[in-house]
Amino acid sequence: MKQRFFLIALAFLLGSSNIVFAKDYPANFFGINGNSNTLNTRSIQFGIDYISDHGGGRLVFDAGVYLTGTIHLKSGVTLQLDEGATLLGSTNPFDYDRQNTPFDNGRKTSLTLISGLNQNDIGITGKGIIDGQGKALVANISDMIKNGLIKDPSVTRPGEDNRPMIIHLYRCDSVVVRNVLLKNSACWVECYNQCKDVTVDSISVNSKAFSNNDGIDIEDCENFTLTNSSFSTDDDCVCLKSMDPSLSDQNILIENNSMHYGANGVKIGTASHGAFRNIKILNNKVFDSYRSAIALEAVDGGVIENVEVNNLVATGVGNGIFIRLGERQTNKESTVKNVTISNVSINIGIKKGWENGSAPAILIAGLPGQFVSGVTLDHISINTLGAADADSYKMLAKNLTEVPENPKVYPEYDMFGELPSWGIYIRHAKDIKFNNVSITSTKKDFRNAVVLDDVHDCIFKEMKIAGPEAKKKPFVYQSSNIKF
C-alpha cells in the first residue's frame with residue numbers, strides 16, 4: 001500500500017514539475033530497490049512505462065543489485081546501469097513471460113529477461129552488469145519439470161523454450177546497447193530479431209551457465225553494427241541467422257571484436273531460410289574456439305552473398321574456414337556466392353582430441369549440381385597440426401567417392417568424418433581463387449595437402465604448402481579444372 005501511494009504521488013510530482021532530471025530518472029524514484037532481495041519487476045516496469053509516456057529518457061540504476069523478472073522496454077527509454085549496478089535475473093521461472101509474436105517458424109518468442117516488441121529509440125547502456133543467474137535458474141526449471149509444474153518435451157535437459165535469454169528484441173528500430181557486461185544466461189545471451197538500425201558497441205559477454213549460450217544472435221536485421229566487444233560463451237560467439245524466407249540479414253558490420261572459448265567464432269547460418277547480404281567481418285580475433293574461426297552455412301534454402309572477411313586472427317581453433325551449402329529440406333536449394341576472405345592468420349588446434357589434425361584447415365563443400373561459387377581467399381596463413389597416420393586413418397584421395405554428401409546433416413566442419421587432405425578440401429564448387437595462401441602442417445601427415453573434387457575454374461597463385469610430407473603429396477584433383 002505504501003509503495004502504491006508513493007508511486008501515485010511520484011507520478012503527480014513528475015507530471016506537474018519542470019524538474020532538472022526530466023530526461024534522467026533515478027531508479028529509486030519509482031521505488032526500485034537495490035538490496036538484491038526485493039523483486040522489482042513491477043516497479044521497474046512502472047518506471048519504463050512512465051518515462052515512455054512522458055517523452056522518453058533514461059531510467060538510471062546507481063550502484064546496487066536489482067532483482068527482477070521479465071521487463072518490457074518501451075519506445076524512448078534507455079536503461080542506464082551505472083558502474084556498480086547489477087540487474088539480476090530472478091531464479092524463479094514463473095517470473096518470466098513471453099511476447100505474443102511469431103518467432104522461429106511459428107513458435108512464440110522465448111522467455112526473456114529484457115524484451116521489446118515493435119519499439120523504437122531504446123537502449124541499454126552503462127558500465128553495469130546484467131546477470132541472468134542461468135545456472136541456478138536452469139536447476140529450478142529442471143526441478144519444476146520433474147514435478148510436472150512445467151511441461152517440456154525435452155528428455156535430457158530443459159528445452160530452449162523454457163530457458164530465458166537475457167535480451168530479446170523483436171522488430172525494434174534505433175537500438176543502442178553499449179558498455180554493459182552480460183553474463184550467466186540460461187539460453188542465448190541476446191537476440192535481435194527483425195530489428196533495424198542497431199548499434200551494439202563495447203559490450204562484454206561472459207556466459208557459460210548452460211548450453212546454447214550464443215553470445216549474440218542477429219536474425220533478419222538491417223543496418224546492424226557490432227563493434228569493440230568481447231565474447232566468452234559456451235556456444236557460437238557471434239551468429240547471424242535468418243528464420244523468415246522473405247527476409248534477410250543485410251548491411252551488417254562486425255568489427256574489432258574478440259571471441260573466446262566458444263564453438264564457432266563468427267557463423268552465418270545454420271538457420272538460413274532467408275538471405276544474408278552485404279556482410280562485413282573486419283578486424284576480429286578468435287581464441288580457443290573448438291569449431292571454426294569463420295563458418296558460412298546456407299542449408300535451408302537461403303542465400304549467402306556479398307560477404308567480406310578481412311583481418312582475422314584466430315588461435316587454438318578446431319578449423320580455420322568452413323563454407324557449406326546444404327539442403328536440409330528436399331527441393332530447397334541454397335546459394336553461397338561472392339565471398340572474399342583476406343588477410344587471415346589462423347593457428348589450429350590446442351585441445352585434447354584435436355591433435356590428430358583430422359579436419360583440413362580450409363573446407364568448402366557444396367552439393368552435386370549446387371556449387372559454392374565466387375569465393376576468393378587472399379593472403380591467408382594457416383598453421384595446422386596434421387599428424388594423421390595410415391594405421392589409424394583410412395581415408396585416401398583415391399577413395400573420394402566414399403566421402404558422404406550429407407545434405408541434411410547439421411553443418412559442422414567434422415560432418416563428413418575422415419577427409420583425404422589436411423590443408424584444403426573443396427568439393428562441388430566453381431570460380432574459386434587462391435592468392436598468396438600459405439598452409440603449414442607441423443607434424444607428419446600421410447594425406448595430400450590439397451584435394452579438389454568436382455571443382456571448376458579454380459586458380460592458385462603463390463600457393464605455399466609446407467610440412468614433413470608436403471612435397472611428396474601436394475595436390476590431388478578429380479573432375480576439376482585448375483590453373484596455377
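Are tyrosine 25 and phenylalanine 30 buried or exposed? I found both buried (buried is under 20% relative accessible area, exposed over 50%, partly exposed in between, with a 1.4 Å probe and protein chains only).

A note on the source: this is a predicted model, where local features need pLDDT of at least 70, side-chain atom pairs count only at pLDDT 80 or more, and totals for chains, interfaces and linings use all residues. Residues are numbered from 1 along each chain as its sequence is written, and side-chain values use heavy atoms, leaving out hydrogens and water.

Next I searched the whole structure for aromatic pairs and got 7. Rings of Phe, Tyr and Trp (its six-membered ring) pair if their centres lie within 6.5 Å; planes under 30 degrees apart are stacked, over 60 edge-to-face, the rest tilted. Tyrosine 25 and phenylalanine 30 have ring centres 6.3 Å apart and planes at 45°, so I logged the pair as tilted. Tyrosine 192 and phenylalanine 224 have centres 5.4 Å apart and planes at 70°, so that pair is edge-to-face. Tyrosine 192 lies in strand E14 and phenylalanine 224 in strand E18 (residues 222-227), so the pair ties together parts 32 residues apart in sequence. Strands are DSSP runs of E, at least two residues, numbered from the N terminus.

Then I turned to the neighbours of E14. Strand E11 (residues 165-170) runs parallel to E14, joined by 4 bridges (strands pair if DSSP finds at least two bridges between them). Leucine 169 has tyrosine 192 as its bridge partner. Tyrosine 192 also stands opposite isoleucine 218 in E17.
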